[in-house]
Amino acid sequence: MLQLLLAGVAQGCVYALVALGFVLIYKATETVNFAQGDLMMLGGFFALTASVIMGWPYWATILFAVAAMVAVGMLIERVVLRPVLGQPAFTVVMITIGVGYVLRGAVTMVPGWGSDTYTFPTPFSEGTFKLGGVIFAVQQVAVIVMTAALVAALFVFFRYSKLGVAMQATSQNQLAAAYMGIPVRRVNMMIWGLSAGVAAFAGILLAPMTFVHSNMGFIGLKAFPAAVVGGFGSVPGAIVGGLIIGLVEALAGRYLPEGFKDVAAYVVVLAVLMIRPSGIFGETARKKV
Amino acid sequence: MRFLFKTDYAQDLQLFKHSGQVFWYGLLSAILLAAPYLAGEYVMSQLHFICIYSIVGLGLMLLVGFTGQISLGHAAFLAVGAYTEALLQARGVPFFISLPVAALLSGALGWVLGLPALRLKGIYLAIATLAFNVIVEEVIARWEGLTGGNSGLHLKPVELFGMRFDGEASFYYLCLGLTALSILALMNLLRSPTGRAFVAIRDSEISASCLGVNLATYKTLSFALSAAFTGIGGALYAHKVSFISPEQFTLLQSIELVTIVILGGVGFVHGAVLGAAFLIVLPQLISIAKDYLPSNVAGSGLQAVVFGLVLILFIIFEPHGLYGRWLKVRTWLELFPFYRRGMFRRQKSYMKSERLR
C-alpha cells in the first residue's frame, strides 16, 4: 500500500513539474501552453544527447538540458508568441498546439534522435532499499527529492530575487507592471525560458520511467488535469494537483477495473470543474460590470 | 465594383445578395455536379472526404466561429455519430432513420457537454472538452459488448429506398447533397434570431445577456447543434472509411477538426469548406514534396512539422484564414489602385485580462 502511494507520488511529481510549467506561463501571460509536454520531450532528448552520445556526468547533463531548453523556450516566445500577444485565448491555444506539432515532428528529423525509443541511464539504478518494512525504489525517491529541491529553489527565486518579483508583478497585472518600469515583454520571454527549463527538468526525471521517444510529450495532457485541479493560476496548486492526479491514478490502477487508470485523471478534472471551476487553490474573483 | 441599393427590408434577409453571387454559386454547383464525369476515382475519394469534413467544419464553425466557445472534443461527437450509424445499420435500420438518429444522439451528448460550458470559460472549457473526448474514446474502447472495443466495427454501403450508394459517384452525390443542406441550414440559422443571439454571445456575453439573450439556453443549444452537424459528418465518415475503431477518434483528430475552422477562417461559413478542402489536400502535397527531400527529413515527422508550421504561420500572418485572404484579394481588385496595406490590420494591445485584480 505504501509502495503504491510512493509510486503514485513519484509519478505525481512529474505531473506536478509539467503542471508547474503551465501555471508559470498562464499566470504571466494568460496563455496555456499546449506544447509544454513537447518541451519536456525535447528536454529529454537534449539530456539523452549529453549523457549517451557525449558521455557527460549526470549533473552536467541536467545543466546542459535545462540551459538548452531555456534558450528554446525564449526563442519560441520571441518568434511565435509575441506576434499574437493580446489575441483571444483560443488563438494562442491553437498556436501552441502548432508549436507542439512542429517540435514533435522536428525531433524525428534530427540525425541521431529519430523516431526510435531510447533508454536513459541514471546514477540511481534499479536498486531498492528497505526502511521500516517498506521497500523503496531508489529511482522514485530520487524523483521526489529532486522535485522538492526544485520547488524550494523556485520558491526562493520568486520570493527573494529581483527578477522573480518582477515576474510576479507581471503575472498580476501587466499594465501596472509596465508603469512600474518592468520590461513586460522581456519578462514574458524569461518566464517562457523558465517554464521550458522546468519542463526539461521534468523530462529528465520522467525519462528513466518511460524511456525517451518523440511522443513522450503526450504525458503533458495528463498534466492539464493536474494544473486544473490545483487551480490554473496557483503555483502550490500545481504541485498539489500533480500529486493528487498521480495518487488517483496509482489507486485507480490498483483497485478499479482495467481502463479506469487512463481515464481517472480526466474524471477527476471534470468533477472539479463542475464543483469548483477555479480549482482548489484558484482565486474566485468575480468580474463586475 | 458593385453598389447595392437596398429598397426593401427583405433584401437584408436574402441568401444571395446580388445576381453575381447567383451566377458564381450556380457555376460552382454545376462543376461540382459534373465532377464524377470529369475526375478520376482518386480525386472523387478526396472529394468525399472534403464534403464530410465540410459538414463537421460547419458544425465547429457554428460553435467556435459564431458562438465563440472552444471545443477540443469534437472527435467524440464524430465517434458517436459514426458508431450510432454503424450499430443501427447492423440492426437493419434504414439510412433515412439512422442518420437523423445519429445526429440526435450526438446533439444530445453535445447538450450534456454544453452544461459545464455555462460555468466555464476560455481555457477551462477547452480542458473540460478535452477530458470529455478522452473519456468518450476510452468508453468506446472498453464497451466491447456494444462497440466491439479496439477491434472496431465494419459497415456496409448506404442503402436508401432500394438504391445502393456504393459507387464513387452515387456516394459523392449523397455527401454533396448533405453538405449543401448543411450549408443552407447554417445560413438560415445564422440569419434567424437564434443565430444573431449566438453572434451576440460571441461578441460580448455581458452585453448579450443585457439585451435579453438567455446565455444558458443559447450556449447549450449551440453545443447541441454543433454536435448534431458533427454527428451527421461522423455517420458519413463511418460509411466512407467502412471500418471504425476508437483510435480514429482521438484528441489529435479533435485538434485536426479545429484546424479546419482556423485555417478556413473563423467566423465565415465559406471558411469551413475551404478549411476542409485545405486539410484534405495538404497531406497530398506533402507526399508529393517528399520525393524531392532528403531521406532523413522526409520521414514520419514531416507531416507534423508542416501541419504545425501552417497552423502557426496562418495564425500569425493570416488570422482570418483562407477566406480572409480571399477577401483581401477581392478588396484589392475591387478598389484597384486605392487598396491600403492597413485595411485589415489587427489592433495591437496589452492583454485584456479576464481576471479581476
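**Close-up 1. Helices α8 and α11 of chain B run roughly antiparallel to each other in this predicted model.** Helix α8 spans residues 168–190 of chain B, and its axis comes within 12 Å of the axis of α11(B). The two axes cross at roughly 175 degrees; because angles over 145 degrees count as roughly antiparallel, the pair is described in that way. On the α8(B) side the contact is made by Cys175(B), Leu178(B) and Ser182(B), which meet Phe229(B), Ile232(B) and Leu236(B) of α11(B). Five of these contact residues are nonpolar and one is polar, with no charged residue.

**Close-up 2. Helices α4 and α11 of chain B are oblique to each other.** Helix α4 covers residues 74–90 and helix α11 covers residues 215–241 of chain B. Their axes come within 7 Å and cross at roughly 55 degrees, and the crossing is right-handed. Residues of α4(B) in the contact include His74(B), Phe77(B), Leu78(B), Gly81(B) and Glu85(B). Among their counterparts in α11(B) are Ala227(B), Thr230(B), Ile232(B), Gly234(B) and Tyr237(B). The residues of this contact divide into eleven nonpolar, six polar and one charged.

**Close-up 3. Ser242(B) lies in the loop between α11 and β4 of chain B.** Strand β4 is formed by residues 243–244. The phi angle of Ser242(B) is near 55 degrees, a positive value in a residue other than glycine. Ser242(B) has 13 other C-beta atoms within 10 Å and is therefore partly exposed.

Key:
Residues numbered from 1 in each chain as written. Chains lettered and ligands numbered in written order. Predicted model: local features only at pLDDT ≥ 70, side-chain atom pairs only at ≥ 80, totals over all residues. Axes fitted to C-alpha atoms, helices over the stretch in contact; angles between N-to-C directions. Helix = DSSP H or I, 4+ residues; strand = E, 2+ residues; numbered from the N terminus. Parallel < 35°, antiparallel > 145°, perpendicular 65-115°, else oblique. Left-handed = near helix turned anticlockwise from the far one by under 90°. Contact = placed C-beta atoms within 7 Å. Nonpolar A, V, L, I, M, F, W, Y, C, P; charged D, E, K, R; others polar. Buried ≥ 20, exposed ≤ 12 C-beta atoms within 10 Å, placed from the backbone.
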